[in-house]
Structure formats: C-alpha cells, structure tokens
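Work through the exercises below with the sequence and the model at hand. Try each task before reading its solution.

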Amino acid sequence: MQRLAIALVSDDTLGEYMGAAGLRMLHFARYLKSRGHEVDLYMQPARMIVAQNNEGAPSTSERNVSVDYEEFEIRAPEVFRTHRRKYDVAIAGTLSRRGLAGLTRFGRPIIHDLICPFMLENRLAYKDLNPLKKRTWEREFEADFLMLAWRANAYLVASDRQKHYWSGFLTKAGVWHSNYLDKPPIIELPNGVDMPDETSESNLPKDVTAIIGKVDSHPDRQFLVTNGGLYRWFEFEPLLEAVKILIGKGRDIGLILQGASHPDKAADAVSGSDDLRKLVRNLGIEDSVIISGWLPHRFRFEVLRRAKLGVNLHPQGLETDVSFRNRLLDFAATELPVVTSTGDIISDRMVDAGIAIPLIGLEANNIAFVIGRALDAHWGKNYHLACAGFRAQWDWSNCVSSLDDAIELAMETPAPLECLSGPPINGILDRMYNLGRKTAKWILRR
C-alpha cells in the first residue's frame, strides 16, 4: 500500500487516563505508523481535561495546543477543520461531534468506526433527565452521528452483532438507501488484549500505590475487583449486597471498585458514584470496599494482579448484546478468573473459552453463591493454558491488521451521500430544528 497521510479524529481522550476508545485509536495509530503511513491524532489530550470552559469543550487557546504522546502529535478535534487538506484518509470515532465541522468538509475517504452503540449507551447514561431534555439530547446526538455516517466510505464494527445492529439502524435512518450498495462496506475489527508491562512499585503513581497499600494491609483477605468505569448501567447495587451476604457468612473478602469517576466527564453524568458511596455506608461495609477513580491505563494491571477474582455485572438487553466490553480483556491478560453476566460478545467468548464463570440472574443471593464457588475453585494449569490460547486469538496484531482492508475499501467505495438522488438528507423540519438549537445556544451563552 502507498504511503498515506492519515488523521484519526475522535472526541475521546488520549493519554494516561484514557479509556477503551482512546486505547483503540492509539493501537490504530501505532499500526498505521508501523506500515509507513504519516499519522496524526485529533483527540482530547490529557492536559486539556482539567482546564475547560463551561460547555465542556476546550477554549480557543487550548484548541491550538499540540501535545506529543508516544511520538504522535495530538491536537483537539476542532483543529482538524484547519488541517484537513493535508490528509488522504480520515478515521473517525462513532460520535465525533467536536471534529464534525472538519469531517463533513473533508473531501477524501472517511472510515467511520462504529464500535460504540452510542444511542443505547446515552439512553442509560441520561435516563434521569426530564423527558424533553432527554429527547432533545438524543436528537442532537443522532443528527450529528448521521451527518458523518452519510459521508463515510467504509465502516468498522467490533463484532458480527454490531454489524447487524448498525445495518438496521442505518437502513432505518435512510443512510443505506435503495441507491446505495447492496452490500455496505463494513470491516470487522475487534479490540485486542493489552498485555501488561512489568512495573516496579517505586515507579507506580500515587493513586495506584494507595489502592495497593490498602490491599496489602489485609494479607489474608480475598479481594474482588471490577475493571473499567462504573457507568450507570453497571449493576453495583446487587454486587454490594452480595458482598455483605458473604461477609455475614464469615468470609474475609474485600471489593475494589475501579472507575467511580472519569477524569474527562462529570461524575454525576456518567457514573453513579454518589449513590455507590451512599449504599456502601448504608450496608455497613465501608471497611471492606475500596473505591478508586480512573487509574492510569498503563498501571491498571497492578491492581488486577492483587485480586482473587474479577466481577463484571451488566443487565441483559440490547445495549449489552451490542456492546463490546473491552476491559474484560484485561482479566484474560492478567489471568484473573472472572464471574460475569452474559450477553455481550467478550463475556460470551470468555465463557466459551473456559476462563470465565457465567452469572445468570443478578439477584444478590445468586451473585453471592456464584462468587463463593469461584473463590473456592482451584484455577489450575488448564485454566492458565486456556487464558494463553484466548490471548493468542485476541492478540492486537491479529485484529488491527484489518485496517488495511478498511482503507482499501474506503478508497474505492462512494459514500452514501454520493449515491443519493432526490431531496437532500436534511429536510425543512431538520433545518428549522437545527436553526432553533443554534439560536438557543447563542442566547444561553450571552
């Protein structure tokens, strides 16, 4: 493949406190650079997290900041509009709202990464909003997403389930219309397993050593651990009740809850951290529960290594079925047994591989029973061999090489908008709505 200039554009954070979406883009960048391409990232650098204006976006001066991370140049997504002409291809995150102005003006191939079922996640994250505001937000998210989807030349998904979901979504929305391709250009590219590096305790950051110190102060205690963010759809209530049941039966167990707040999002918007702490107090298990914030991604494995069992609890439903629970892969990386609810692609494949115990039913007594059995089980040589086989199958190098196919497909495929005949995609009602939204925002800013 010829050498290309490629831009990665996403609203997600890239840096020490990035989540799964940032890690995915970083792996993309590493691979593309190893293939000889010129790569720049338009994302939210870690240093832009702290100082933001009241609307949660960087100020004008911050947008012009350039940050180096792993020899990649990172700028705010808004800046892509200024620099877009230098790139041959753009790879955009699922809901790239901050880089949308540049992406919609980008006249070259776009690959739209659809790993995040954002509409389903937003309905859970913002379920407590009043109905009018909730509907307004949903419509804004959907309009911005579709604006990019209309202009994409190829699409990435993480699983076959996601492929079916997005096929229905985009067909229903009219993006994949009758004049478009019979077989839309979709490439399956799942996330891989991030292998942990060995780190001496003297080099660990304070937020990690604080947790390790609390764990080491109870050498005989068996610790459970969650991994990733405690978003509103994580079922922490029955898990805490299950811990209380196990303690009541005489077990010396502890629970480490990671990601109770996210560094680049308001905690109340995406997590139930306040409700979590209140419930811990009401159950009287403060001495057995360690609540941490979002840990630096390179050192998250240090906490997992000190646990006896991983726990992953999500309700059954379409959101779980379509989602790709990336941080479950970390349990396989550290060979930590895990008790998990089923339904999402990673949980199901870990269960099939024999490295996870399925949890059917999220009642506290059932959770306590399954966790107790898992803590008493002997996880021997066959388990470790199964983890090694799973990691080999989900190695990042096996997954990310699909980017070559996606780039080739995007460069030879017209976007849905180019195949459209008839009225424009934005009708008079949508135009009136967008005008009213912009006017309201302008008034509120004054």
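**Exercise 1. The start of α6**

Task: Find which residue caps the N-terminal end of α6, and by which atoms.

Solution: This is a predicted model.
- Step 1. Go to Asn130, the residue that caps the N-terminal end of α6.
- Step 2. Pick a side-chain oxygen of Asn130 and the backbone nitrogen of Leu132. They lie 3.1 Å apart.
- Step 3. Check the cut-off: a polar contact needs N or O atoms within 3.5 Å.

**Exercise 2. The length and burial of α6**

Task: Compare the reach of α6 with its expected span, then list its buried residues.

Solution: 
- Step 1. Helix α6 covers residues 131-149, which is 19 residues.
- Step 2. At 1.5 Å a residue, the expected span is 27 Å.
- Step 3. From first C-alpha to last, α6 reaches 26 Å, close to that expectation.
- Step 4. Now burial. Buried means under 20% relative accessible area. In α6, the buried residues are Glu138, Glu140, Phe141, Asp144, Phe145, Leu146, Leu148 and Ala149.

**Exercise 3. α5 against α6**

Task: Decide whether α5 runs roughly parallel or antiparallel to α6.

Solution: 
- Step 1. Helix α5 spans residues 118-125. Its axis and that of α6 come within 11 Å and cross at roughly 160°.
- Step 2. Because of that angle, α5 counts as roughly antiparallel to α6. The cut-off is over 145 degrees.
- Step 3. The handedness of the α5 and α6 crossing is right-handed.
- Step 4. Name the contacts. From α5 come Phe118, Met119, Asn122 and Arg123. From α6 come Lys134, Glu138, Phe141, Glu142 and Phe145. Of these α6 residues, Glu138, Phe141 and Phe145 are also buried.

**Exercise 4. The whole chain**

Task: How many helices and strands does the protein chain have, and what share of its residues is buried?

Solution: 
- Step 1. The chain has 20 helices and 14 strands.
- Step 2. Of its 446 residues, 53% count as buried.
- Step 3. Take the contacts with a separation of 6 or more: 76% of them join residues 24 or more positions apart.

Methods: Residues numbered from 1 in each chain as written. Predicted model: local features only at pLDDT ≥ 70, side-chain atom pairs only at ≥ 80, totals over all residues. Heavy atoms only, no water. Helix = DSSP H or I, 4+ residues; strand = E, 2+ residues; numbered from the N terminus. Expected span 1.5 Å × (residues − 1). Buried < 20%, exposed > 50% of the residue type's maximum accessible area, 1.4 Å probe, protein only. Polar contact = N/O pair within 3.5 Å; in protein donor to acceptor, adjacent residues only side chain to side chain. Axes fitted to C-alpha atoms, helices over the stretch in contact; angles between N-to-C directions. Parallel < 35°, antiparallel > 145°, perpendicular 65-115°, else oblique. Left-handed = near helix turned anticlockwise from the far one by under 90°. Contact = heavy atoms within 4.5 Å.
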